[in-house]
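Dear colleague,

Please find the structure below, handed over for your own work. My notes on it follow directly after.

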Amino acid sequence: HPEHKPPPHKLAKARSPTRRAAPSGNALALRNDGYAAIGQRRYREGLTMLQEATLMGDAYAPMYIGQLFENGIGVPRDVGQASYCYGLAINRGNAAALTAFNRMRMNPY
């Protein structure tokens, strides 16, 4: 009779898709460069870098974007957008964003 071979085992993926990857050094550099650009009034460039860092999972970049929208710095003032950005940062464990969010909710205008 022919030799019976068990089916090959498929290796489990090392990372489940629901787990957030830790921010890479690139996200940190983008956040820092974006923050510096904002300080130099290069708002569009700074916002773009902060948005890229946010997409990479950074916990502080969305808080900085929230501050821009809350205060209308380089962008039209938008409390709803600010709330959304603060929420992203809060969900990533940023306690400072929670403080900013609560302060804004007390004085939204």
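The buried residues of α3 are covered by elements that include α1 (25-39), α2 (43-55), α4 (79-91) and α5 (95-106); contact here means heavy atoms within 4.5 Å. Helices (H or I, at least four residues) are DSSP runs, numbered from the N terminus.

This is a predicted model, in which local features need pLDDT of at least 70 and side-chain atom pairs count only at pLDDT 80 or more, while totals for chains, interfaces and linings use all residues. Residues are numbered from 1 along each chain as its sequence is written, and side-chain values use heavy atoms, with hydrogens and water left out.

Nine of the eleven residues of α3 are buried, that is, under 20% relative accessible area with a 1.4 Å probe, protein chains only. Among them are Met63, Ile65, Leu68 and Phe69. After the helix comes Gly72, with a positive phi near 65°.

Glu70 lies in α3, which spans residues 61-71. Glu70 has a relative accessible area of 7% and is therefore buried. Its side chain makes a polar contact with that of Arg103, at 2.7 Å; such a contact is a pair of N or O atoms within 3.5 Å, one able to donate a hydrogen and the other to accept it, and residues adjacent in sequence count only if both atoms are side-chain atoms. Leaving aside residues up to four places away in sequence, Glu70 touches Arg77, Ala82, Tyr86, Arg103 and Met104.

As for the chain, there are five helices and zero strands, and 32% of the 109 residues count as buried.

Yours sincerely

Notes. Helix = DSSP H or I, 4+ residues; strand = E, 2+ residues; numbered from the N terminus. Buried < 20%, exposed > 50% of the residue type's maximum accessible area, 1.4 Å probe, protein only.
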